[in-house]
Amino acid sequence: MMGVTMAFGERVLFRDLNLALNHGETIGISGPSGGGKSTLLRIAVNLVSPTAGRVLFHGKDVTEWDPRELRRSMILVPQQASMFPGNVRENLLWGLRIHRLEASEERLRDVLSQVNLPVSMLDKTAGNLSGGEKQRVAIARALLLEPEVLLLDEPTAALDDDSTEVVEESIQRVISDQDIGVMIVTHNSEQAQRLADRIIEIGNSRGGQ
Ligand SMILES: Nc1ncnc2c1ncn2[C@@H]1O[C@H](COP(=O)(O)OP(=O)(O)OP(=O)(O)O)[C@@H](O)[C@H]1O
Ligand SMILES: [Mg+2]
C-alpha cells in the first residue's frame, strides 16, 4: 500500500498509509471501533477505492488485476462469516465453484483438520453451526483456494473465550503450516500480539489532524 488515504466526506480514517505485507508475514491491525480497519481490508482487495494512494499486489495495481484472479489470490474473510444454504461440504465447495475448480473429499478433510473441525462436520447443515464453527468453515473455504494472502476481519470478535481460543489455534496453525501472508484485524491487542509478527494501529489519529 502506497500513500493510502481514506476519507468519507470530512472524516479522514487514515492518511498517507504505507504498508507492505511481506511474503509469509502476519500483520495485526488494531484500533478503535469505527477506526477504519474493515475499510482498510476492503481497500486491499479492491472492494473499495481509496481517496488517494494505490495498492499493489505483485507490483501491479489491484485495480488492474483481473477481479477473479485477484479474488482467488487475496481472500477476505469478512467480520460476519456468511454460510450458504446446504451442508458444510457444499459451503466449502462453493468458493471453488466460482473459480470452476473442484476438490477431492480428501482435500476437504484436510482443510477441515487445518481449522480443527472433525470430518463429521461435512454433512452438517452449515446454518446450524456455532459462530466459532462458522468462522472456521469460512477460513477453510478460503484455504481451499490456496490464497497467497488471507485477510481476516475480526475472526473472533463475536465469540466467547473458549471458541476464541480454538479459532486462534486454527489461525496459528494456518500461519505456521502455510506460506501465506496474513492480515488480521482484531480489537484484542493480546490476540494481535500472540498471532502477528508486527502490529499496525489504525484510526487513533483523530482524523490525522
Ligand atoms: N461506504 C461508507 N460511507 C460512509 N462512511 C463509511 C462507509 N464505510 C464505512 N464508513 C465509516 O467509516 C468508519 C470506519 O468503518 P470501518 O468499518 O472500517 O471501521 P472498523 O475499524 O472496522 O470498526 P469495527 O471495529 O467496529 O469493525 C465508520 O465510521 C463507518 O461508519
Ligand atoms: Mg470492522
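A salt bridge is taken here as a side-chain nitrogen of Lys or Arg lying within 4 Å of a carboxyl oxygen of Asp or Glu. In this predicted model, the side chains of Arg54 and Asp61 meet that rule, with N and O 3.4 Å apart. By the same rule, the count of salt bridges comes to seven. In general terms, side chains of opposite charge can pair when their charged atoms come close.

Another of these pairs is formed by Glu105 and Arg89, whose closest N and O atoms are 2.8 Å apart. This pair links distant parts of the chain, since Glu105 belongs to helix H4 (residues 105-114) and Arg89 to helix H3, 16 residues apart. Glu105 is partly exposed, with a relative accessible area of 33%. A further salt bridge joins Asp110 with Arg107, and here the closest N and O atoms are 3.7 Å apart. Both residues lie in helix H4, and because they are three residues apart, about one helical turn separates them. Asp110 is partly exposed at 41% relative accessibility, and Arg107 is partly exposed as well, with a relative accessible area of 23%. Through shared partners, salt bridges also connect Arg89, Glu105 and Asp123 into one network.

The packing of the helices comes next. Helix H3 (residues 88-98) packs with helix H5 (residues 131-143) at an angle of about 40°, their axes being 8 Å apart. The angle makes H3 oblique to H5, and the crossing of the two helices is right-handed. On the H3 side, the contact is made by Val88, Asn91, Leu92, Trp94 and Gly95, which meet Val137, Ala140 and Arg141 of H5.

H5 passes H6 in a right-handed crossing. From H5, the residues Gly132, Arg136, Ile139 and Leu143 take part, and they meet Val166, Val167, Ser170, Ile171 and Val174 in H6. The residues of this contact divide into six nonpolar, two polar and one charged.

Seven of its eight residues are buried, so H1 is largely enclosed by the rest of the structure. The buried residues are Lys37, Ser38, Thr39, Leu40, Leu41, Ile43 and Ala44. Their packing partners are strands: S1 (2-8), S2 (11-17), S3 (26-30), S7 (74-77), S8 (149-153) and S9 (181-185). Just beyond the end of H1, Asn46 adopts a positive phi of about 65°.

Key: Residues numbered from 1 in each chain as written. Chains lettered and ligands numbered in written order. Predicted model: local features only at pLDDT ≥ 70, side-chain atom pairs only at ≥ 80, totals over all residues. Heavy atoms only, no water. Axes fitted to C-alpha atoms, helices over the stretch in contact; angles between N-to-C directions. Helix = DSSP H or I, 4+ residues; strand = E, 2+ residues; numbered from the N terminus. Parallel < 35°, antiparallel > 145°, perpendicular 65-115°, else oblique. Left-handed = near helix turned anticlockwise from the far one by under 90°. Contact = heavy atoms within 4.5 Å. Buried < 20%, exposed > 50% of the residue type's maximum accessible area, 1.4 Å probe, protein only. Nonpolar A, V, L, I, M, F, W, Y, C, P; charged D, E, K, R; others polar.
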